[in-house]
Amino acid sequence: MASGTSVNGTSIGNGASMNGHHGFSIERLQGLVQRGRVHSSIYTDPAIFELEMTQIFYRSWVYIGHASEVAAPGDFRLRTIGRQPVILVRGNDGVVRVLMNRCRHRGAVVCETESGREKVFRCWFHGWTYDNTGKLLSVTAPEGYGEDFSVEEHSLTPAPRVEMYRDFVFASLSPQGPALVDYLARATSMIDLLVDASPHRQIDVSAGCHKTVYNGNWKLVGMDGYHPNFVHASVIAMWQRKADSGMGATHRSDPFDGKAATYVRDLGNGHAMLDLRQHRLDHYPDYAKFLASTPGGKEYMEAMFARDDEERARTLLAIAGDPHVGVYPNMQLIHNQIRIINPISPTQTEVIMFPVLLKGVSPEINALRLRQHESFYGPASSGSPDDGEIFERVQRGMLAQVEPWIDISRGLSREFVDSDGSIVANVTDEVPQRAQMRQWLALMTGENSSSAAAA
Amino acid sequence: MALDNLELLKAVEQFLYSEAEYMDSHQYDRWFELWDEQALYWVPCNADEADPNSNVALIYENRDKIEDRLFRLKGRHAHAQNPRSRLMRVVSNVRIAQADAGKVVVTSQFVLGEVRLDRQTVWIGRSQHTLLQTANGFKIREKKVLLLNNDSPMGNLTFLI
């Protein structure tokens with residue numbers, strides 16, 4: 001083994017250090033993430049990317065999909081954990097599973113269709129056949145195997161841990177680690193803001209998705225309240241001339257001017273949000289008027305006020321299912337979508353955007369949610385392609401390495417710890433970037449991080 | 001095919017070529033003039049026949065939204081089109097699917113080369129135009145574009161297709 005792969009006898013990233021080139025000592029990693037700045041090699045270095053796969057994506061809880069995507073027995077969706085292919089599937093027994101998409105015989109994927117409904121998954125290399133719970137049903141010509149061969153022991157391999165929070169399915173490839181709710185911690189109540197926006201407290205992720213890709217590192221998809229007036233200047237100009245249309249109604253006064261009642265919040269464990277709640281509440285009367293003008297809007301509001309107390313109902317309606325939260329490392333709930341971030345390589349990332357429909361509201365409201373989403377998000381939209389464009393400019397710019405530091409110090413002097421322990425600052429401050437980088441370092445070095453206040 | 005139908009086909013082809021030219025050369029105002037008041041611009045996502053009321057599209061826009069799109073592209077801050085994509089498309093396989101009084105439904109296919117920032121991307125698709133015959137020539141009532149890769153990850157599709 002090459003030198004430099006271990007410190008004090010502790011080697012970092014087993015898979016990575018095995019081939020002797022990806023070893024990073026704890027000290028070296030710590031040197032890359034400093035107070036208010038990070039070294040840009042973490043966005044460009046292929047060895048860092050390999051270590052991220054093993055230390056972050058193959059250990060931490062990773063969002064896989066929503067149970068409504070596999071509503072009926074046999075329903076499946078192909079997903080990935082880092083680069084590893086998995087099948088999200090509801091078995092005939094009704095249980096939602098995450099199975100490694102790899103035949104136990106010679107390793108071919110057993111499912112190559114992106115989604116569908118199947119009773120069995122058959123490997124077309126030699127015909128080994130599994131049921132939709134992953135159980136191996138039969139091998140071709142079994143007489144070729146000896147008595148010690150056990151069909152039972154060759155089921156599709158499940159992800160070591162799978163847990164759900166309110167039908168959000170997460171998996172971890174590590175057999176050990178915190179329970180999902182303990183990992184999500186303060187982020188659970190933000191997921192609630194989305195789910196509870198449905199009068200039935202149920203969301204429906206069946207409207208398809210936008211699959212986007214950009215040539216940049218996965219960590220560039222941040223949670224950033226400093227960029228909108230620049231990256232999205234063209235959209236803001238569009239909204240300003242038609243303040244009543246779509247998302248314009250929720251942006252009547254600029255939430256990102258640094259003076260609005262808008263904040264960033266570090267929820268701990270790398271989870272962070274743009275906290276727009278107070279701002280949206282301040283503009284609730286305008287938004288309610290807009291909602292009332294949509295067919296089914298009045299009934300929606302009545303159902304919410306009948307179900308919840310006034311403050312909660314008003315908050316849920318004003319937020320419109322948009323907690324604007326990032327759950328580390330690969331999920332974001334932004335505007336009308338659940339978003340999955342898939343790292344492809346150090347310099348390429350897929351962002352898959354799933355617009356969310358609310359159960360119990362009119363078809364018109366849900367159709368409006370789709371149109372709002374399309375207007376800002378997706379490959380042909382007005383918003384997210386400009387984000388991708390800027391991420392690509394960052395990736396190119398970072399190749400200039402004479403001064404290799406990325407500054408994420410904004411707001412360090414004015415952030416404060418809120419009563420619930422989360423770190424809060426102005427919406428334009430880089431609290432989310434620091435929250436994510438703290439968690440990144442903790443996972444990369446294999447140290448536990450659970451306290452947001454441990455800055 | 002009767003001769004008058006061939007004449008109609010020729011006229012429709014010329015219209016599609018002009019539309020292609022305006023899109024390729026980013027002549028947004030001239031392109032917008034081709035649209036009818038009750039315009040529908042639809043580019044499905046994930047599948048060609050997904051119901052837009054319950055499925056996300058890449059583009060599902062009425063005249064107002066098309067105008068918004070062009071307003072944005074004409075401004076100086078549509079970063080994903082700065083620099084603009086250089087475009088060249090070949091429109092072919094033009095067929096009249098339906099011709100009623102004053103209304104023509106025409107299907108066609110395109111191969112579109114895009115060059116931006118030293119990268120060349122090829123986009124391929126099928127279009128279905130519903131054209132109204134007016135005193136000012138054809139106007140687009142509906143345009144549906146079925147991209148061959150509409151279920152695959154895509155980069156920047158902010159130019160006109």
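This note goes through the two chains of a predicted model, point by point.

1. Ground rules. The model is predicted, so local features need pLDDT of at least 70 and side-chain atom pairs count only at pLDDT 80 or more, while totals for chains, interfaces and linings use all residues. Residues are numbered from 1 along each chain as its sequence is written, chains are lettered from A and ligands numbered from 1 in the order in which they are written, and side-chain values use heavy atoms, with hydrogens and water left out.

2. Make-up of chain A. Chain A holds 15 helices and 26 strands. Helices (H or I, at least four residues) and strands (E, at least two) are DSSP runs, numbered from the N terminus. Chain A has a radius of gyration of 23 Å, which agrees with the value near 23 Å for a compact globule of 455 residues. The radius is taken over C-alpha atoms, and the globule rule is 2.2 Å times the number of residues to the power 0.38.

3. Burial and contacts in chain A. Of its 455 residues, 59% are buried. Buried means under 20% relative accessible area, exposed over 50%, and partly exposed in between (1.4 Å probe, protein chains only). Among contacts in chain A with a separation of 6 or more, 63% link residues 24 or more positions apart. A contact means heavy atoms within 4.5 Å.

4. Surface and charge of chain A. The accessible surface is about 18,200 Å², and carbon and sulfur atoms hold 51% of that area. Accessible areas come from the Shrake-Rupley method with a 1.4 Å probe; for residues, only the protein chains shown count as cover. Chain A carries 44 positive and 52 negative side chains, and the centres of the two sets lie 2 Å apart. Lys and Arg count as positive, Asp and Glu as negative; His and the chain ends are not counted. Each charge is placed at NZ of Lys, CZ of Arg, CG of Asp or CD of Glu.

5. An enclosed strand. Look at strand E16 of chain A, residues 210–214. The rest of the structure largely encloses E16(A), because 4 of its 5 residues are buried. E16(A) runs antiparallel to strand E22 (residues 348–355) of chain A, and 5 bridges join the two. Strands pair if DSSP finds at least two bridges between them. Within this pairing, A:Lys211 stands opposite A:Ile352 in E22(A).

6. Two alanines with positive phi. Neither is a glycine. A:Ala185 has a positive phi of about 50°. A:Ala185 lies in the loop between helix H5 (180–184) and helix H6 (188–195) of chain A. A:Ala185 is partly exposed, at 31% relative accessible area. A:Ala320 has a positive phi of about 55°. A:Ala320 sits in the loop between helix H12 (310–319) and E19 of chain A. At 17% relative accessibility, A:Ala320 counts as buried.

7. Cis peptide bonds. In chain A, the bond from A:Tyr328 to A:Pro329 is cis, with omega near 0°. A:Pro329 is in the loop between strand E19 (325–327) and strand E20 (331–334) of chain A. In chain B, a cis bond joins B:Asn82 and B:Pro83, with omega about 5°. B:Pro83 is in the loop between helix H3 (63–74) and strand E3 (86–100) of chain B.

8. Make-up of chain B. Chain B has 3 helices and 6 strands. From the N terminus on, the order is α-α-β-β-α-β-β-β-β. Its radius of gyration is 16 Å, close to the 15 Å that the globule rule gives for 161 residues, so chain B is as compact as a globular protein of that length. The C-alpha atoms fill a box of roughly 45 × 30 × 30 Å along the principal axes. Buried residues make up 49% of the 161.

9. Hairpins in chain B. Strands E4 (residues 103–116) and E5 (residues 119–134) of chain B run antiparallel, joined by 14 bridges. B:Arg116 stands opposite B:Arg119 in E5(B). The hairpin has 2 residues between the strands, and B:Leu117 takes a positive phi near 50° there. E5(B) also pairs in the antiparallel sense with strand E6 (residues 137–147) of chain B, over 10 bridges. A hairpin joins E5(B) to E6(B) through 2 residues. The bridge partner of B:Ser127 in E6(B) is B:Val145.
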